[in-house]
Amino acid sequence: MSARATFATASRLFAQLRHDPRTIALIMLVPLLLLGLLKLLFADNELQFQEVGPPLLGIFPLVVMFLVTSVTMLRERTSGTLERLMTLPMSRGDLVAGYALAFAVLAAVQAIVASVWAIGVLGLDVQGSSFALVGVAILNAVLGMACGLGLSSLATTEFQAVQFMPAFILPQFLLCGLLVPRDQMAGALDALAGILPMTYAYEALADIAAGDGSAAAVAAAVTLGFCALALGLGTLTLRRRTP
Amino acid sequence: MPPAQAIAVRGLRVERGGRDVLPGIDLDVAAGRVTGLIGPSGSGKSTLMRAIVGVQVVGGGSVTVLGESAGTPALRRRVAYVTQSGSVYGDLTAWENVRYLARIMGIGDDDVRRVIEVVGLVGSEHRPVARLSGGQRHRVALAGALLGRPELLVLDEPTVGLDPLLRRDLWALFERLRDEGATLLVSTHVLDEAGRCDDVLLLRDGRLLAATTAAGLRSDTGTDDLDEAFVRLIERSGADG
């Protein structure tokens, strides 16, 4: 591993983003818009907003980062730039680490902006620490980034990569416990939810909102484990030699 | 002492999509020369180049580059490769593209400036590559390949789609690089470009038709027309086989 190649890659990705201000605006503003919509939707039911607000604070960034990362990585594969990078003195881990670094910073900024908006402007009330909530929102975004990177190797076109959103994210969204609490699910569904990463990302957010710090820490640790797993998978599926 | 052979390919077999793209090819590329890899599209030129730079899954045989097995980490600083598509980031400027590759290799901005000058991109280096012409885009990719003065340059169709003036400039650049000590392997499907190469490898259907020079090709086939020479070689190999 070379830190030089990792930082070079991260700074190259930032340069690409700088040339695409519209994407940055979408990444930053879409979660705000969705949270605002939620607030209006539950205008007469403040309790409901307080309940679904914190989980969605993390899940919106997760979805956005998943899409942005998987499409960026796929472009690298299809444009031939990946092939060229594989002939240079850099390891596959350097490339994935560079991606992780750049998009984790982006994810962090996004999660902070969304949290300030939700807590400061929309009046989201958190029982636990607001800082912990921001931290877990960042973790959610990082999970989306890691999964997008890990799954991008399964897609051969940008259309396929975008289809992974409904195929991979929506089932997890349905099963994570937000719509129906896990203890009310049929046994098989509950078991399935237990092996899906987003379940723990949701639990960490919900636990903090409810003021249960230790349960949140466990769920956050599991989420972090899934991030590492997805990044490892992303590195392994990257091939220096291709058919 | 540099080895006399920059590249030695022995019994190289590559299968792609259930088809033998290279059914077992032997060839040598001499050090310090411009070698043209010439053949129609689909003849296996790109696959052969990918095997030489170590990004192609191979089914058998050996590829030795600068005395080491192709794709060895130590070769990644000594061999530079430009793909047919150029492989540049369209949303970045020429400068940012080349600087990224330089940073990976630990090469400073001085060399970035040098290679941008060498390929003649001064003045347009701060425009996004997507807004440059196809020829300029190729030169951005070429600039990246010149970083750190590699011993071997593997260039896949670098002159395709360029106007004759630019093509002539590029071939002059290749000759200059050779005079400075580099070895170049350049693929093209334009037979006329064989005349610019020191050595010529003619490839068809994954087989080596001839390893010769442009002059040798003409005298061997008894014609000055390189297209006609190629046809005669194909006919002759058909008669042999």
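Two strands are taken to pair if DSSP finds at least two bridges between them, and the strands themselves (E, at least two residues), like the helices (H or I, at least four residues), are DSSP runs numbered from the N terminus. The model described here is predicted, so that local features need pLDDT of at least 70 and side-chain atom pairs count only at pLDDT 80 or more, whereas totals for chains, interfaces and linings use all residues. Residues are numbered from 1 along each chain as its sequence is written, and chains are lettered from A and ligands numbered from 1 in the order in which they are written.

On these terms, chain B contains an open sheet of six strands with mixed pairing, in the order E6-E7-E8-E3-E9-E10. Its edges are formed by strand E6 (79-82) and strand E10 (207-212) of chain B, each of which pairs on one side only, and the twist from one strand to the next averages 15°. Within this sheet, strand E3 (residues 34-38) and strand E9 (residues 199-204) of chain B are joined in the parallel sense by four bridges, with Thr35(B) standing opposite Asp199(B) in E9(B). Helix H5 (residues 164-179) of chain B packs on the sheet and touches E3, E7 and E8 of chain B, its direction making about 155° with that of E8(B); axes are lines fitted to C-alpha atoms, for helices over the stretch in contact, and angles run from 0 to 180 degrees between N-to-C directions. Helix H1(B) lies across E3, E6, strand E7 (152-155), strand E8 (183-188) and E9 of chain B, and runs at about 150° to E7(B).

A further open sheet of chain B is built from four strands in the order E2-E1-E4-E5, with antiparallel pairing. Strand E2 (19-30) and strand E5 (68-69) of chain B stand at the edges with a single partner strand each, so one side of each is left without a neighbour in the sheet. E1(B) and E2(B) run antiparallel and are joined by nine bridges, and the bridge partner of Val9(B) in E2(B) is Leu27(B). The hairpin of E1(B) and E2(B) has two residues between the strands, and Gly17(B) takes a positive phi near 60° there. E1(B) also pairs with E4(B), in the antiparallel sense over five bridges, where Arg13(B) stands opposite Gly60(B) in E4(B). Strand E4 (residues 60-65) of chain B pairs in turn with E5(B), again antiparallel, over two bridges, and Val65(B) stands opposite Glu68(B) in E5(B). Helix H1 (residues 45-53) of chain B lies across strand E1 (5-16), E2 and E4 of chain B, running at about 120° to E1(B).

Chain B is divided into domain 1 (1-78 + 150-211) and domain 2 (85-149), the bounds coming from an automatic or database domain assignment. The centres of the two domains of chain B, taken over C-alpha atoms, are separated by 22 Å. Seven residues of domain 1 of chain B are in contact with eight residues of domain 2 of chain B, two residues being in contact if their C-beta atoms, placed from the backbone, lie within 7 Å. The side of domain 1 of chain B that touches domain 2 of chain B is made up of five nonpolar, one polar and one charged residues, where Ala, Val, Leu, Ile, Met, Phe, Trp, Tyr, Cys and Pro count as nonpolar, Asp, Glu, Lys and Arg as charged, and the others, Gly among them, as polar.

Between the chains, 24 residues of chain B are in contact with 22 residues of chain A. Helix H2 (residues 94-105) of chain B contributes the largest share of the side of chain B that touches chain A, namely six residues, and this side of chain B has 12 nonpolar, six polar and six charged residues.

In chain A, helix H2 (residues 21-41) and helix H3 (residues 46-78) pack at an angle of about 155°, with their axes 10 Å apart. H2(A) and H3(A) are therefore roughly antiparallel to each other, given that angles under 35 degrees count as roughly parallel, over 145 as roughly antiparallel, 65 to 115 as roughly perpendicular and the rest as oblique. The contact involves residues including Leu34(A) and Leu38(A) of H2(A) and Phe49(A) and Leu56(A) of H3(A), and its residues divide into 14 nonpolar, one polar and one charged.
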